[in-house]
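Me: Here is a structure I would like to understand term by term. Please set each value against the rule behind it.

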Amino acid sequence: FHHGNYKDVLFARQLLYAVEQCGKKTFPDSKTCWHFDDKVGQKYLFESLGLPLVPSYTFYTRKEADLWIENTFFPKVFKLRSGAGSLNVKLVKSSAQAMRLTKKAFGSGFSQFNRIEHLKEQIRLYREGKSSILGVFKGLGRLFIPTEWARMRGREKGYVYFQDFLPNNHFDVRIVIIDGKAFGAKRMVRKNDFRASGSGHLYYEKEHIPIDTVILAFELSEKIQSQCAAFDFVYSAEGKPMVVEVSYGFPTKVVSHCTGYWDRSLQFHEGSFHPEYWMVEALLIKQKDLAKVRYIPEQGNLSEIIGEEE
């Protein structure tokens with residue numbers, strides 16, 4: 001299910017949970033998707049397991065938030081709990097700016113579709129030759145006509161969410177873990193910006209992916225018991241990878257450019273691959289009534305299920 005489809009957000013999780021309660025296997029299962037597109041939920045999950053999350057702070061009253069703002073340091077990163085591509089992410093440079101955001105969070109709230117940032121993004125993509133002038137005009141149109149998502153979901157309010165800002169990160173690293181296999185990409189930050197997600201500047205070669213980040217991603221995936229997890233990492237001043245957020249869904253273009261993948265023993269397998277098949281295999285092979293599923297990479301598809309005893 002898609003985080004940008006209001007109908008999916010309204011009922012997809014509940015439907016999947018209900019089907020799970022009937023004893024059926026699902027993809028994504030509840031442990032994989034309950035925190036999907038929910039940065040606040042992920043904060044609680046990572047903290048409860050003692051995982052290396054970038055320090056994060058959530059408040060549900062303006063009084064508590066303002067008191068924290070008066071006693072913390074800046075810059076900080078402000079985020080809404082949902083949203084992709086960094087459109088709902090701001091660098092907060094002062095306590096005054098933070099308090100203005102807090103006032104809005106407990107007042108009129110925030111649209112889940114940032115029209116100004118969307119227009120800026122379309123202009124950036126056009127200047128970089130990654131989009132046409134039509135995209136810019138569509139961005140202008142969105143200043144006046146909201147998306148169906150923003151119109152149906154309403155405004156985000158009643159909480160504020162901040163993360164510590166880790167300086168000198170000129171890129172982040174996304175690692176995807178599926179059924180004991182890992183692949184990923186280095187995503188460079190936008191020009192004159194601090195955000196990497198959605199920048200469009202990526203490196204996919206093996207040498208661009210720190211192996212300690214791959215190892216950590218395997219460990220995190222196992223601890224949160226996810227069928228599929230795309231982790232975003234930045235780095236501390238000491239160079240240690242720290243997780244920013246996780247998602248079970250990810251753009252397919254990341255896969256099409258990857259030069260190979262790692263298995264759990266950290267052996268790198270060069271060549272193209274189809275992670276969608278890994279998802280299907282991992283689900284089918286765990287069914288008690290299916291003995292074996294065999295995947296033939298050369299054919300690029302799933303073979304017939306063989307009814308042999310496991």
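Me: Why is F11 called partly exposed?
Reply: F11 has a relative accessibility of 44%. Buried means under 20% relative accessible area and exposed over 50%, with partly exposed in between (1.4 Å probe, protein chains only). F11 therefore counts as partly exposed. The model is predicted: local features need pLDDT of at least 70, side-chain atom pairs count only at pLDDT 80 or more, and totals for chains, interfaces and linings use all residues. Residues are numbered from 1 along each chain as its sequence is written, and side-chain values use heavy atoms, leaving out hydrogens and water.

Me: Where does F11 sit?
Reply: F11 belongs to helix α1, residues 6-21. Helices (H or I, at least four residues) and strands (E, at least two) are DSSP runs, numbered from the N terminus. The C-alpha atoms of F11 and F1 are 9.7 Å apart, with the two residues 10 places from each other along the chain.

Me: How many helices and strands does the protein chain have?
Reply: There are 11 helices and 15 strands. Of the 310 residues in the chain, 46% are buried.

Me: What makes S226 buried?
Reply: The relative accessible area of S226 is 13%, so S226 counts as buried. S226 lies in the loop between α9 and β10. Apart from neighbours within four places in sequence, S226 is in contact (heavy atoms within 4.5 Å) with T32 and S221.

Me: How do you know that α3 is largely enclosed?
Reply: Seven of the 10 residues of α3 are buried, so the rest of the structure largely encloses this helix. The buried ones are K39, V40, G41, Q42, K43, L45 and F46. Their cover includes β1, β2, β6, α9, β10 and β11. α3 also lies across β1, β2 and β6, and runs at about 120° to β1. Such angles run from 0 to 180 degrees between N-to-C directions, the axes being lines fitted to C-alpha atoms, for helices over the stretch in contact.

Me: Which residues touch the most other members of the largest nonpolar core?
Reply: They are F46, I175, F231 and F233, in a core of 23 residues. A nonpolar core is a set of buried Ala, Val, Leu, Ile, Met, Phe, Trp, Tyr and Cys residues joined through side-chain atoms within 4.5 Å. At least two residues of this core come from each of α3 (39-48), β7 (171-178), α9 (211-224), β10 (228-235) and β11 (241-247). α9 gives the most, with six. Leaving out residues up to four places away in sequence, F46 touches L51, L53, I224, F231, V243 and V246. Another core lies apart from this one and has 16 residues, including A65, W68, Y159 and V160.

Me: Which strands form the open sheet, and in what order?
Reply: The order is β1-β6-β2-β3, with antiparallel pairing. Two strands pair if DSSP finds at least two bridges between them. β1 (56-59) and β3 (89-92) are edge strands, since each pairs on one side only. Neighbouring strands are turned by 25° against each other on average, direction ignored.

Me: How do you know that β2 pairs with β3?
Reply: Four bridges join β2 (residues 76-79) to β3. The rule asks for at least two, so the two strands pair. K76 has V92 as its bridge partner in β3, and F78 has K90. On the β6 side there are again four bridges, with β2 and β6 running antiparallel, and K76 stands opposite D164. Both faces of β2 are covered: K76 and F78 are buried on one side, V77 and K79 on the other.

Me: Why are α4 and α5 called roughly antiparallel?
Reply: The axes of α4 (residues 62-70) and α5 (residues 95-105) come within 10 Å and cross at roughly 170°. Angles under 35 degrees count as roughly parallel, over 145 as roughly antiparallel, 65 to 115 as roughly perpendicular and the rest as oblique. The two helices are therefore roughly antiparallel. R62, A65, D66, I69 and E70 of α4 meet S95, A98, M99, T102 and K103 of α5. The residues of this contact divide into four nonpolar, two polar and four charged. In that count Ala, Val, Leu, Ile, Met, Phe, Trp, Tyr, Cys and Pro are nonpolar, Asp, Glu, Lys and Arg are charged, and the others, Gly among them, are polar.
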